Amino acid sequence: MKLKKYLVRALHRLQKGPGYTYKELLVWYCDNTNTHGPKRIIKEGPKKKLIWFFLTLLFASLVFWQWGILINTYLSYNVTSSLSIGFKTMKFPAVTICNANPFKYSEVKPLLKELDRLIEAALERILQPGNGSEDEFPPLDLELWNQIPLVLIDEHDKDNPIILDIFESNQTAVGNETARGNETNMSNLPAVCPQCSHQGSDNCTYRNFSSAAQAVTEWYILQSTSILSKVPLHERIRMGYQAEDMILACLYGAEPCNYKNFTQIYHPDHGNCYIFNWGMDEEALNSSNPGAEFGLKLILDISQQDYIPYLSSAAGARLMLHQQKSFPFLKDQGIYAMAGTETSIGVLVDELERMGYPYSDCTMNGSDVPVRNLYSQYNTSYSIQACLRSCFQNHMVQICGCGHYMFPLPEGVTYCNNEDNPGWAYCYSSLRSSIKQRQICIDSCKETCNDTQYKMTISMADWPSEASEDWIFHILSYERDMSTNVTLDRNGIIKLNIYFQEYNYRTISESAATTIVWLLSSLGGQFGFWMGGSVLCLIEFGEIIIDSLWITVINVISWCKGLKRRRAQFPDAPPTVSELVEAHTNLGFQHEATGAVSGPEALPPEPGTPPPNYDSLRVQPLDSPDSDADSE
């Protein structure tokens, strides 16, 4: 009922027409508003009225300008970082340890036999070009070499550089000249590793190396990757270092531990790796107290004598501290522990808390990231490193048709190798050097909103000392091999101490630099300073806008009604001027409407009011005698 009553009143208001004009409304607003300035415009004299009009317009413009700046600042969603220090019992980090060498050479040697013979022959020709054996027995398998060769460039003549293939006697020059490979000292020449889309193709990319040692290592890694990618995973795990052989002693706080307290994973760069306190199957361990006596103590055997000579040029253990249930990316974030030393690692904790959207483009668990996380097969949490590597592997599968050996595989995809994918090295190098591909992955991946970082303080000392190495090696050899003979030496032994330096932890958190409260107070401050206004003044301004719109609506409706009324007077086209004149001069004229009934049944037209007979008012001339005579 109330709605109906309101609509009826509104209809009467529309029928009545506007009760005031725009000018009257504006004068009423200036006279009644609480904003300073408009009252003076209507109450002062002509000169002051002009001055106050200019000042009001100027300060209103300043208010809107300041409002624009404040709103733009708020919508930029800036943050401020605050640092706080707390004290609490903390969870001990997950500790991942790996051998710098991924496989035992004794286990993998049959697979790399031909590759080792090839690289040994190449090194002999580089270091002693005149003494290289022409006839190898058994003959070298140059198929691997031809797929991804390693060449040297003689640039003594800048205008005519010579390409020297190590296993060819005649070398090709740019000017179609030939040069004997043994006439040049190859050890001083830069090495190049050409990678072509297919054998014999000119579509190649070239990797330049300033040292032959770098070139040989990279070439060997590339070739061994192709060979090992065809080996099943369980065989690669078997060829790596086992936990019971690598972890000789373990102590956490006052509690003994052993290799069974470690979780084994296979890492493509380092082979078998072992994680302590990963938190996958059991609750994460807490550290009872800070200090070296309450941390993790390990003694490792890296078996350096069983290293692959051309694959691993560094000896030691690779280790990393990270959060529970996160995948360890040792190649990027790990550190080395040197053999024959005791390495002490003091840990400090930094907790990072980032604000989410719209303040930053971070993610809580990676569910809103458009990249398929290939590391989810390990049941690990999201990280930006996992996202970037998954993005690269997905692009390589799409472009190259196979996956790289160093990253997890999508379902139904195989690793690249020289036999099934001859141009994979060229495709991989092109993709790795592509700035566009790199930018796509950077734009697609997001940082995690909450992260924990472990800052390490590292110190080292020789271990064991010369005075104690005899009895220590005897005991460790007996415990591992049940032998009274010494089977260990300082080249393969590493001792690690990992502990919290203190229980103080730092929290670096983000907070919004501008809030809605800040925005409203800033907007009100500017409005009050320049115009002396408040929120009620804004409501008054909104009221006059609504009234103006209402007047406009009423005027439009009234205009439409008047137009409709005029059209009703002339249902058809209005008569022309000639028709109007004819109506006044022809007494029988009647304008017929279109569609009128014609014929015998039609009624005769009703004569209109005749116009006055103006001829009767004219002065007539008097009759003359001549006219009378003529009439007679």
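Predicted model: local features only at pLDDT ≥ 70, side-chain atom pairs only at ≥ 80, totals over all residues.
**View 1. A nonpolar surface patch made by Met338, Ile458 and Met460.** Ile458 belongs to strand S19, which covers residues 450-462. Its relative accessible area is 44%, so Ile458 counts as partly exposed. A patch residue must have over 30% relative accessible area and no salt bridge; Ile458, at 44%, is therefore above that area cut-off.

**View 2. The span annotated as a transmembrane region, residues 50-75.** The annotation comes from an unreviewed UniProt entry. In the model, the span is 100% helix and 0% strand.

**View 3. Asp301 and its contacts.** Asp301 sits in strand S13, residues 296-301. Its relative accessibility is 4%; Asp301 is therefore buried, the cut-off being under 20%. Neighbours within four places in sequence are left aside here. The remaining contacts of Asp301 include Asp245, Met246 and Leu248. Arg480, Leu488, Gly492 and Ile493 also touch Asp301.

**View 4. The disulfide of Cys250 and Cys257.** The model holds 7 disulfides, this pair being one of them. The sulfur atoms of Cys250 and Cys257 are 1.8 Å apart. The link is left-handed, with -80 degrees about the S-S bond. Both Cys250 and Cys257 are buried.

**View 5. The disulfide of Cys362 and Cys449.** The S to S distance is 2.0 Å. The link is right-handed, with 90 degrees about the S-S bond. The pair connects distant parts of the chain, 87 residues apart. Cys362 lies in strand S17, residues 362-363. Cys449 lies in the loop between strand S18 (447-448) and S19. Cys362 has a relative accessible area of 8% and is therefore buried. Cys449 has 4% and is buried too.

**View 6. The disulfide of Cys391 and Cys441.** Here the S to S distance is 2.1 Å. The torsion about the S-S bond is about -85 degrees, so the disulfide is left-handed. This pair also links distant parts of the chain, 50 residues apart. Cys391 is in helix H11, residues 384-400. Cys441 is in helix H13, residues 435-444. Both Cys391 and Cys441 are buried.

**View 7. Two further cysteines, Cys537 and Cys560.** Cys537 has 3% relative accessibility and therefore counts as buried. Cys560 has 38% relative accessibility, so Cys560 counts as partly exposed.

**View 8. The whole protein, as context for the close-ups.** The protein has 18 helices and 20 strands. Of its 632 residues, 39% count as buried. Its accessible surface comes to about 37,900 Å². Carbon and sulfur atoms account for 56% of that surface. Among contacts with a separation of 6 or more, 72% involve residues 24 or more positions apart.

Terms used: Residues numbered from 1 in each chain as written. Heavy atoms only, no water. Patch = residues over 30% accessible without salt bridge, like charges linked within 9 Å, V, L, I, M, F, W, Y side chains within 5 Å. Areas by Shrake-Rupley, 256 points an atom, 1.4 Å probe, with all protein chains shown as cover. Salt bridge = Lys/Arg side-chain N within 4 Å of Asp/Glu carboxyl O. Helix = DSSP H or I, 4+ residues; strand = E, 2+ residues; numbered from the N terminus. Buried < 20%, exposed > 50% of the residue type's maximum accessible area, 1.4 Å probe, protein only. UniProt positions renumbered as here; feature names shortened; annotations may be inferred. Contact = heavy atoms within 4.5 Å. Disulfide = S-S within 2.5 Å.
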